[in-house]
Amino acid sequence: LTDVTGVQTCALPISGLTASFGEFDAVLSKIKKLRIREGRYIDARNTLMGYEAAAAKLYWQHVKVLLADDVPSFPGRRSRGAVDLVNSLINYGYGFLYRQIWREVLLAKLNPKIGFLHVPSGEKPVLVFDLIEEFRAQAVDKVVFSMLTKGEALKVSQKSGLLTDESRHKLIGDLLERQGTALKYRGEKVLLRHIIQNQVRGVGRYLRGEGNYRCFIGYY
């Protein structure tokens, strides 16, 4: 749960971070208690998306506080039209991940236009929108935050409002390196790109009645 379009966040004081963990727990508790009533799938989906929005807002509040020393100008999470450095890096990284997951969806012979949480909408690949949520933090956020805290020379062009070519190249290099990093997965060490591939294929196995879908949970 890492991103909601248009969410505006404000910084919490450092002393408030620990206290706000209880708010995360409260959202998680509500999710665990959510039940889908017969014929009320849309209501349950809307409720769940509301919980996701609440958790995303908390997440980005924490990010703003934790990045305050390295990027004091970070305004909070912005998606479309963002011109600040942090959001530009995050948005570019999500685009990179988006294309990767879309490719895996097609290779798994899944219909990208039919999703579970995001409402089907014409030709939009809503299944990709669903699946990307599981990997944003591990595949993109962690990479961007690491680059920023290390003080790498990253810039947004004042003329175009976009990342400079050099910054994009650095980001792509680090994103690819992260894809080749082995993470704990099902009791083994598995490359992140293979985890993503297996999770997408896991949706297909679930739809064919070959077992339940187990989500991937990564750790910082």
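These are my notebook entries on a predicted model.

**Entry 1: Val 128**

I began with Val 128, which is found in helix 4, residues 126–132. I then looked up which residues Val 128 touches, not counting residues up to four places away in sequence. They are Tyr 98, Ile 101, Trp 102, Val 105 and Pro 112. I also noted the C-alpha separation of Val 128 and Ile 114, which is 9.2 Å. These two residues are 14 residues apart along the chain.

**Entry 2: a nonpolar patch**

I turned next to the surface. Ile 36, Tyr 41, Ile 42, Phe 116, Leu 117, Tyr 206 and Leu 207 make a nonpolar patch there, of about 660 Å². Ile 42, one of the patch residues, lies in helix 2.

**Entry 3: positive phi values**

I looked up two backbone angles. Most residues other than glycine have a negative phi. Lys 109 has a positive phi, near 60 degrees. I located Lys 109 in the loop between helix 3, residues 85–107, and helix 4. Its relative accessibility is 76%, and Lys 109 therefore counts as exposed.

Arg 186 likewise is a residue other than glycine with a positive phi, here near 55 degrees. Arg 186 sits in the loop between strand 1, residues 182–185, and strand 2, residues 188–191. With 35% relative accessibility, Arg 186 counts as partly exposed.

**Entry 4: the second largest pocket**

I noted a volume of about 210 Å³ for the second largest pocket. Two elements give two or more residues to its lining, namely helix 5, residues 136–149, and helix 6, residues 165–179. Which of the elements gives the largest share of the lining? I found that helix 5 does, with four residues. The lining residues include Lys 142, Val 143, Ser 146 and Met 147. Also among them are Lys 150, Glu 152, Asp 174, Glu 177, Arg 178 and Thr 181.

**Entry 5: salt bridges**

How many salt bridges does a search of the whole structure find? The count is seven, and I followed up three of these pairs.

The side chain of Arg 40 meets that of Asp 43 in a salt bridge, at 2.5 Å from N to O. I recorded Arg 40 as partly exposed, at 43% relative accessibility. Asp 43 also counts as partly exposed, with 35%.

The side chains of Glu 123 and Lys 113 form another salt bridge, at 3.4 Å from N to O. Both residues lie in the loop between helix 3 and helix 4, so the pair ties together parts that are 10 residues apart in sequence. Glu 123 is exposed, with a relative accessible area of 63%, while Lys 113 counts as partly exposed at 31%.

The last pair I looked up is Arg 136 and Glu 133, whose side chains meet in a salt bridge at 3.0 Å from N to O. I asked why Arg 136 counts as buried. Its relative accessibility is 9%, and buried means under 20%. Glu 133 is buried too, because its relative accessible area of 16% is also under 20%.

Notes:
Residues are numbered from 1 along each chain as its sequence is written. This is a predicted model: local features need pLDDT of at least 70, side-chain atom pairs count only at pLDDT 80 or more; totals for chains, interfaces and linings use all residues. Side-chain values use heavy atoms; hydrogens and water are left out. Contact means heavy atoms within 4.5 Å. Patches are made of residues with over 30% relative accessible area and no salt bridge: like charges are joined within 9 Å, nonpolar side chains (Val, Leu, Ile, Met, Phe, Trp, Tyr) within 5 Å. Accessible areas come from the Shrake-Rupley method with a 1.4 Å probe; for residues, only the protein chains shown count as cover. A salt bridge is a side-chain nitrogen of Lys or Arg within 4 Å of a carboxyl oxygen of Asp or Glu. Buried means under 20% relative accessible area, exposed over 50%, partly exposed in between (1.4 Å probe, protein chains only). On a 1 Å grid over the protein atoms alone, a cavity is a set of points where a 1.4 Å probe fits but cannot get out, and a pocket is an open set with protein on both sides within 12 Å along at least five of seven lines; lining residues have an atom within 4 Å of a point. Grid points are joined across faces, edges and corners, and a volume is the space filled by probe spheres set on the points.
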